[in-house]
Amino acid sequence: MAAKTQQLDDTLLGAQRGLLMRAVFGQVLTIYLKSDNEGACDDITRVICDLNTDIIKNHSDCGLIAAFDPLLWGKWKGRSIPISTAVLGGYGKFALTFGDVLLYVKAPSYKVAAGIVDAIRPRLDALSRKIEVVVAGKRPDVRIMGGRYVDGITNPNDPVSLTEDILIGGDPKYRGSCFGITQKFLFDWPGIASQAADTQDEMIGRNPDGAVLPQHAVHSHIHRANIKDNNGDQRKLLRQALPFGSAAGHAGREEGIMFVAFCNDQERFENVLRNLIGKRPERPLDKLMNVVEGVSGNYWYVPSAAELGVAAVTGPADVYEDPHWQVASPNGYMFYNSQDYLHQMAEDRYEGGDPPSARLLSLMSRTFSHWRDSWVKRQTFPRLPHLETLVSKAELKAPVPVRKGIANRKTLAKLLSHPSSDIARNNGLLRIEAKELLVGVIPDFTLGRGKEVVPYLDKDETMAAWLKGQLNEWSAMGHVVPDYERLVNSGLGAMIDDLLKSLSQLHKAEKDRSKENQAAYVFYISCIESLRGVQEYLRNWSVIAEETAVAADLAGHPEDADNMKDVAARLLRLVDQPPKSFQDAVQLIFSFHCCLHLVGELTSLGRLDQILCPFLKDIAPDRAQDIVDCLWIKIGENAFVNRAFIYDYVTYGTTAVCGLGGNFPQGGGINQWVQQITVGGYKATDSKVPEGGANAVTMLCLKAARRIPVNAPTLSLRVYGGMPEEFLDEAAKGILSGGAQPILYNDDKLCQALFDSGNTVNTSWSRNYSADGCYEPMFSGASEFTFNNVAPLLALEQTINQGATYGAAGPEQFRGLKQTFRSPPASHISTFEKLQDIFLDQLKWLVVQCYNTMLGAYGNLADICPSPLLSTLIDGCIKSKRDLTNGGAKFHIIAPLCVGISNTIDSLYAIKKLVYDPATARTTLPELLNCLICDWGFNMIEPFENQLGGTAEASERGVRYEELRLAALALPKWGSGDAEVNDLGDWVVKNAVRLCVDAIRNPSATIKGLLDGIKKNYGQDFEFIVCPGIGTFEGYVGDGIPCGASADGRRNGMPIASDLSPVPGAQDLPANPAFRNIYQAMKSAQFESIEHGLSNASPVDMNIPESFPLAELQKFVKAYAKGKVGGNLITLTCADLDTYKKATDDPEKYNLVRVRMGGWTEFYATMFPEHQEQHQRRQYFTPWGSGVTSEKGLTVPIVTESREVKYV
């Protein structure tokens, strides 16, 4: 696509042409004029203009930067250009030697640069009393410091960053100007050479390949050069340094480096230099400063092209993109890194043809900058103070729910949003950009890293809560869908008025001092306190927006000032009034969403297209897209990208998913914020024929997800038969963009499944579901949710091991951990059918145990960690006068989630084939059991292999076990479309669903007693909506740890498959994924047991190659929407194995590569190695067979040709 000049900002087009050109070779001339009068100004300007003309006419691949001493230029032009030199001139490591004029000639070679300068030198000599010349240039590999480091790769040379951070805007006469700094540094080679290679890398902060070192050291150069302004932004420098000379005749050692840099704020140079040195110049904090010495330099003013009368930037061709970042997917929709993204989008080179607006690219650039900052600086959120430090002693005596409401109000009104709050400001919670259409900041609280809340329990209550179920003030689960439709239709003022009316009615019935009435009073007070906290939050942000408007006005940005004034007025209106416009509605939803996260209630946003569509009037489509795009950025801007700086906020009680605290896998949830947006789907009607709900906002969200490369929100698209094709075509483009979204639900399957999950679910509610934050369907704004895991893979271990799991088998636990009844030993299981029967009995015990846990803990949070703020937006709570945690919601969803079911299916099939099938049998069940206990021969452990037998015997048996493993790995797997495996998979899922439903619909005595107790507390009409599901989410690594080696070839403790996905390749073997036909593979999920029985949804997570043709993907999505493809939920991650491997080695260069984690999207570079390796081993799916050419001549290449299994 041809680049378009008009895509560049006017500020960029005002800059000197040579400023943005790449510096490879050149000469830097510092000129000291004989005179500083006006005549000298005219003379030197004339020489510069002639030099510029010569370069334009005769050397199109060369460039010129002309700069002047700021005071001298100000004198000549009658302007005041103040500068500060306190650090440059006052610290011994730097040199301030002044100068009048700076000429920087850039050329492709030393010779060309010399020729250009030599031609003009006589005229310069005539005007000068002294000229200092530095002849400099880069090696072909652009490396410096003895060829060890790649130079200049982090330069902000994309159009957006240049405009934001480097060039001065505002007045058209000066638009495109900037400030500069020069510093001639000499290297101390003896000092450098005395350091080990790793020490040198630590000094720089990068390795020789250019990858940033995720270190905790604070003395690396890239760390010390990273500073932030008052808004928490790191404003960049455009560095165009060149090495020069050779030290002591060594060709590989430069004499030094001529540092040249530019920016739009001269004080920024001083701040960076100050941060490099620290408070003691003799002992610089930046280790690099110990091996360099500045010998000359100055600050400069670089006039705009119009101001100087030289050639200006003409278009994208004059903007340079560093080759280091020029890597991108060939499909044109997927970006590997943020630098290339900004170049392609700003220069109108985007394959999609609809890049985000200049406003959005500016905001995206800021977001990228924040992410990059986290590679060099660790930000740790502090613990919040106890409520006792914030309120009176009398308030501390209030009931727990009221205290929680007060804590919410203090959190929102004071601690985390007030303009004077140090906690809020120092942790980026007051960050604001004048161009933002929506304001507010979501904290980076996640399921993996945890959260911080205001504690309010006293010591005795804290101990009691711990004893009750390892619970505390951090235990709020969130993880449901608020009723944002009510919020935008009523507004905060009306919601509070309704609560006050309900409270008033309780006062009128004061004689009724029943326990229920007192509990209702406490509940209403807690809700009112929480909502008033939201109101104060809006007022605070109105003040912040007003202050930003003033600052923008003073900076000469009237449009930004007007925008902030508009935002401030909107926030004040929304304190009491309902939204009137589309932007009003989005801002109110986002603000409330922020508040929920700030108080520890991590929730999703629901069916945003259905909620917002009524407001989509009298607004231009481009403006509406900008607002939705801005929402995407605001939700995803606080991503955590550097796992080396991770901090664990999780307590024993954090996020009690089923009324109990305790530890759960965290490593996969680093950026799991539970921020899903659901669009599409049927409208919530009771009509016999469903009505499609896809609308204009659906498309706005689909486009935002494709064009804004954040990890959150994750977009869920509900598809259905008859859905307009433009939505499905757009969804396919979004999938190719690499964000593993939208994920695709099939309404024609899932709505019926939900309808059949409970007697209280009518047709309209079955059509009104949305993703809760991972993928589980919730009745929008009306559900509570509790879930617990059931592990069929452990049931299979117990089946062949007499009720014990064998992952811990050995000299301490003998055959393993005894879990359930002692079933017959392996030697007595004579047929596969008998094994199946035992397996179902073992699985039944685990299902009943799962329910016993959930039902026994039901309501635990009500008097420990209630959810008053969230309860105000959950249908049923206000009416029932009960908190969400106290049975107040309209629907009570309970979900036993089977984890590792794909491994279970493959393992059962392997046992059938290796043990019981006469045509394929290779072993006996007892031998296979010993083999699995000994981890396929990799851990020949006592008492199953006695050491007295010698190493030869153990080795021989180990070889035998390895041979069995190879046989198991070679068998067909679930998800390959094999009919026999598919039938077995259907049997497993069908029985798992049956057991999960029967355990509560036809309960045992113990479960019935628990259900009766719940009905006694909450009413006889209380019903659990039973939604069996398949859910590892991000826990496929952690959930695999307790599982021993499995008969499908998996090793002890290694990851299991995510959700209902095909089992990935073995983690201990080289990544060598299979390629499968996507239609054939999905036949494995085309069963009633899966599509209808798994009403909590059964996500099949699939990898597709980046070369998957768009037309073929659109065809597949349409087939899925029509129900021709199996499954009720599928997710597609687009990334090649080679991309994953490169992202592992250079995470910064591939910082936008994202993958599906089972319940959400994550940046691949952020993941821990175990997760990265599991993704590399996931199977790939194509529209045709592996390496087969389609009818149109298209071929999806095979990543690796060899399928030979090799041990490493």
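1. Tryptophan 936 has a positive phi of about 55° although it is not a glycine, and is found in the loop between helix 33 and helix 34.

2. This is a predicted model, in which local features need pLDDT of at least 70 and side-chain atom pairs pLDDT 80 or more, while totals for chains, interfaces and linings use all residues. Residues are numbered from 1 along each chain as its sequence is written, and side-chain values use heavy atoms, without hydrogens and water.

3. That loop, between helix 33 (925-933) and helix 34 (950-969), also holds proline 943; helices here are DSSP runs of H or I with at least four residues, strands are runs of E with at least two, and both are numbered from the N terminus. The bond joining glutamate 942 and proline 943 is cis, with omega about 0°.

4. A cis peptide bond also runs from alanine 712 to proline 713, with omega near 5°. Proline 713 sits in the loop between helix 24 (696-707) and strand 14 (714-719).

5. Phenylalanine 98 is another non-glycine residue with positive phi, near 60°. Its place is the loop between helix 4 (86-90) and strand 3 (101-107). Phenylalanine 98 counts as partly exposed, because its relative accessibility is 48%. Most residues other than glycine have a negative phi, and most peptide bonds are trans.

6. Leucine 467 lies in helix 17 (residues 459-469). With 62% relative accessibility, leucine 467 counts as exposed.

Note on methods:
Buried < 20%, exposed > 50% of the residue type's maximum accessible area, 1.4 Å probe, protein only.
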